[in-house]
Amino acid sequence: MSTPRHSPPPLRSPEQRRGDPATSELLSLKSVRKCFGDNVVLRDVDLTVEPGQCVVLIGASGSGKSTLLRCVNLLEVVDDGVITFDGRDITDPRVDGDDVRSRMGMVFQAYNLFPHLDVIGNVTLALRLVHDVPADEARARGLAMLERVGLAEKAKARPDDLSGGQQQRVAIARALVANPRLMLLDEVTSALDPELVGEVLDLLTELKGEGVTMLLNTHEMGFARDVADRVCFLHDGHIHEQGSPEQVLGDPQQERTRTFLSRIRAS
Amino acid sequence: MTDRVAAEPQEAWRPSSVQLERDEWRRRRTIRSAAIAAGSTLFLLGAIGGAVVSSPGWDRVRETYFSWDKAVSSFPAVLDGLWLNIRVMVVCWILILLLSLTVAVVRTLRGPVAFPLRLLGTAYVDVFRGLPLLLVIFLLGFGGPALSLQGLPTSPLFWGGAALVLSYSAYVAEVFRAGIESVHPSQRLAGRSLGLSYGQTLRHVVLPQAWRRVIPPLMNDLVSLQKDSGLIAVLGVTDAIRKAQIETALDFNYTPYVVAGVLFCCLTIPMARLTDRYARKKGYHGAGGHL
Ligand SMILES: Nc1ncnc2c1ncn2[C@@H]1O[C@H](COP(=O)(O)OP(=O)(O)OP(=O)(O)O)[C@@H](O)[C@H]1O
Ligand SMILES: [Mg+2]
């Protein structure tokens with residue numbers, strides 16, 4: 001805990017971040033299974049995310065989207081299967097979970113901001129404690145990140161005094177500030193009005209342009225279509241269909257996917 | 001989204017007649033309510049005071065409990081004793097906070113590795129919450145020195161203080177534990193997701209939030225400790241109560257006890273007000289508004 005686990009990841013150019021195409025995937029799940037008691041929430045999940053890609057999970061409420069992201073972030077221990085991240089099996093119990101998590105950025109469905117810290121404190125906490133960035137440099141990086149999500153003037157505010165959309169963007173800034181290899185975004189657009197959905201979309205598209213790899217889930221099909229390189233349809237904890245957004249959203253092969261999409265469109 | 005809406009020019013706004021009328025009504029109601037509250041309080045106090053003063057035994061009671069001369073003559077001795085209470089309280093309180101926080105954290109550890117520690121913590125809390133404080137003071141106060149342990153003093157002050165610390169820590173540990181467990185698990189998840197270790201998450205995410213929530217109950221325990229610090233008088237420690245007792249024994253006038261009581265209140269009341277202010281200032285509260 002006291003010794004630095006690693007130095008802050010250097011800023012990489014998009015080309016470098018995309019990595020060597022030969023060692024393709026950044027993240028892969030093989031036959032992942034997760035249960036809560038008798039409730040099998042994820043079964044036989046196979047999924048790969050390549051560097052620079054944006055993979056979007058869709059599926060009904062309760063289908064296991066959040067659980068999948070938490071398993072990847074090692075916040076839940078899988079019951080079977082293998083998850084590899086950056087070429088390493090992170091489901092191996094000997095792996096340092098804190099180190100793995102420090103290289104991923106997670107945005108929670110309910111944001112989970114720290115109410116006792118102000119906005120800048122939220123954003124810089126991990127830089128200071130985990131990445132051993134000196135306080136003033138952490139502050140500068142935090143402010144730059146807040147500037148980027150359009151909240152520089154709220155740096156001193158408490159999370160409770162912000163609107164839902166503002167909290168959302170602080171959560172994104174907090175996850176992004178340490179240059180994670182992979183961003184995990186749980187329902188980033190759930191609390192936002194259409195105009196703000198557009199703003200977050202722009203931000204994510206921008207990040208994608210910089211080569212940030214993303215795995216996210218959403219109920220906004222338009223959002224999925226615009227930002228995704230690949231869409232995965234999750235039903236009852238299993239990925240029933242995956243492919244390009246045009247294919248999965250436009251011409252789904254599976255009956256279940258069609259039912260799900262028609263229900264969503266109807267509402 | 002307020003941050004995207006251009007601010008309207010502020011000078012343009014004049015309260016409408018409806019608003020003026022509402023403000024006027026609220027103002028009048030506030031004055032009237034305050035007048036009623038003040039009047040009824042005065043009446044109640046007057047009635048109680050009148051009943052006491054006009055009672056047949058009042059003159060004797062006033063002489064034995066509220067004798068001004070006796071109060072003045074015993075004041076220095078009682079105040080001197082109170083100084084010991086204050087020192088006992090401060091030292092014990094610091095030790096109590098440290099011990100109880102440790103016990104609380106140990107009791108919230110997860111996993112089989114921590115099981116023996118958890119068991120120890122639980123046993124300690126169960127035993128010392130069950131034992132009456134006076135009993136612990138007697139047991140440690142007379143038994144402790146008899147042990148003649150190497151390096152430990154045998155003074156009743158030390159062992160009395162130890163009894164207070166052990167007894168109170170068991171209660172305060174439960175206050176801390178409730179505070180720690182009241183912090184939503186999603187806060188831990190958020191901390192860990194950033195790469196913070198278990199300990200870092202506890203230290204920087206969970207405990208600061210728990211701390212704020214437990215300040216009022218902690219304060220309550222501190223005030224209680226202040227009074228109970230007087231119990232070590234039974235070991236012969238000359239604190240405020242013992243001093244008052246000695247003064248009383250001179251002429252069987254009980255005024256010194258009243259003096260001691262007033263002095264104890266002078267300590268606790270400002271402290272309670274101070275905590276209220278602190279909790280309000282540091283507290284984060286949602287959109288409470290006027291409700
Ligand atoms: N900590 C937990 N303990 C027990 N069951 C859980 C836990 N977390 C999730 N579950 C269960 O796992 C299932 C999937 O939950 P999950 O949160 O992953 O759904 P989701 O796809 O994210 O839904 P939504 O779109 O509503 O957010 C649900 O049946 C839920 O009850
Ligand atoms: Mg979810």
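Let's start with two phenylalanines, A:F233 and A:F260, which are both buried, meaning under 20% relative accessible area with a 1.4 Å probe and protein chains only, while exposed is over 50% and partly exposed lies in between. Please keep in mind that this is a predicted model, where local features need pLDDT of at least 70, side-chain atom pairs count only at pLDDT 80 or more, and totals for chains, interfaces and linings use all residues. Residues are numbered from 1 along each chain as its sequence is written, chains are lettered from A and ligands numbered from 1 in the order in which they are written, and side-chain values use heavy atoms, leaving out hydrogens and water.

Back to our rings. Rings of Phe, Tyr and Trp (its six-membered ring) pair if their centres lie within 6.5 Å, and planes under 30 degrees apart count as stacked, over 60 as edge-to-face and the rest as tilted. That rule gives eight aromatic pairs over all chains. For A:F233 and A:F260 the centres are 5.2 Å apart and the planes stand at 40°, so this pair is tilted. The pair links distant parts of the chain: A:F233 belongs to strand β9 (residues 230–235) of chain A, and A:F260, 27 residues apart from it, to helix α10 (residues 255–266) of chain A. Helices (H or I, at least four residues) and strands (E, at least two) are DSSP runs, numbered from the N terminus.

Now to chain B. Are the rings of B:F138 and B:F142 stacked or edge-to-face? They are stacked, because their planes are at 15°, with centres 5.9 Å apart. These two residues are four apart in helix α5 (residues 133–147) of chain B, so about one helical turn separates them. Both have some accessible surface: B:F138 is partly exposed at 33% relative accessibility, and B:F142 is partly exposed at 49%. Elsewhere, ring pairs join B:Y65, B:Y254 and B:Y257 into a cluster.

Next, the metal. Which residues coordinate the magnesium ion, ligand 2? They are A:S66, through OG, and A:Q109, through OE1, at 1.9 to 2.4 Å. A:S66 sits in helix α2 (residues 65–72) of chain A, and A:Q109, 43 residues apart from it, in the loop between β6 (104–107) and α4 (119–129) of chain A. A:S66 counts as buried, with 16% relative accessibility, whereas A:Q109 is partly exposed at 37%. A word on the counting: donors are N, O and S atoms within 2.8 Å of the metal (3.2 Å for Na, K and Ca), and water is not among the atoms, so sites may look incomplete.

In the model, residues 34–53 of chain B are 100% helix, with end C-alpha atoms 28 Å apart. Residues 254–272 of chain B are 95% helix, and their end C-alpha atoms are 28 Å apart.

Finally, confidence. pLDDT is the predictor's confidence in each residue, from 0 to 100. Chain A averages 87, and chain B averages 86. Over residues 284–291 of chain B the pLDDT is below 50, and this stretch has six contacts beyond near neighbours in sequence, a contact being heavy atoms within 4.5 Å. Where pLDDT is low, the predicted coordinates should not be read in detail. The model scores ipTM 0.84 and pTM 0.81.
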